[in-house]
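Subject: Structure for you to look at

Hello,

Here is the structure I said I would pass on. My notes on it follow below.

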Amino acid sequence: MGHFNVQKLTNAEWAFAMASQRDAPLFAALARAEQRRLGGFSVQELANTWWAFATLSHRDAPVFAALVRAAERRLGGF
């Protein structure tokens, strides 16, 4: 997944969530890849990531913390 851009990462999550495919190893790999790229996520990509993880009830505290920080930066510190 190192060659995936942000859109490809979020599209993969969205597709698996839409298909109700809970693949913990895949989502862990996606999460690792995303943590290195969160600064490049748009607000929509952040929301899509949250939605996919929530839809599949995939819990990953470090990723959620990183998503919160990225959202706060994007939204001006709220």
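M18 lies in helix 1 (residues 6-18); helices are DSSP runs of H or I with at least four residues, numbered from the N terminus. The model is predicted, with local features needing pLDDT of at least 70 and side-chain atom pairs pLDDT 80 or more, while totals for chains, interfaces and linings use all residues. Residues are numbered from 1 along each chain as its sequence is written, and side-chain values use heavy atoms, without hydrogens or water.

Together with W14 and W51, M18 forms a nonpolar surface patch of about 340 Å² accessible area (Shrake-Rupley method, 1.4 Å probe, only the protein chains shown counting as cover; patch members have over 30% relative accessible area and no salt bridge, with nonpolar side chains joined within 5 Å).

E45, in helix 3 (residues 43-55), is buried (under 20% relative accessible area; exposed is over 50%, partly exposed in between). E45 has no salt bridge (a Lys or Arg side-chain nitrogen within 4 Å of an Asp or Glu carboxyl oxygen). The nearest side chain of opposite charge, R74, is 6.6 Å away (Lys and Arg count as positive, Asp and Glu as negative; His and chain ends are not counted).

There are 3 aromatic pairs (Phe, Tyr or six-membered Trp ring centres within 6.5 Å; planes under 30 degrees apart are stacked, over 60 edge-to-face, the rest tilted). F27 and F53 are edge-to-face, because their planes stand at 75°, with centres 5.2 Å apart. Both residues, F27 and F53, are buried. W50 and F64 are stacked, with centres 5.0 Å apart and planes at 20°. Ring pairs link F27, W50, F53 and F64 into a cluster.

Regards

Methods:
Patch = residues over 30% accessible without salt bridge, like charges linked within 9 Å, V, L, I, M, F, W, Y side chains within 5 Å. Helix = DSSP H or I, 4+ residues; strand = E, 2+ residues; numbered from the N terminus. Buried < 20%, exposed > 50% of the residue type's maximum accessible area, 1.4 Å probe, protein only.
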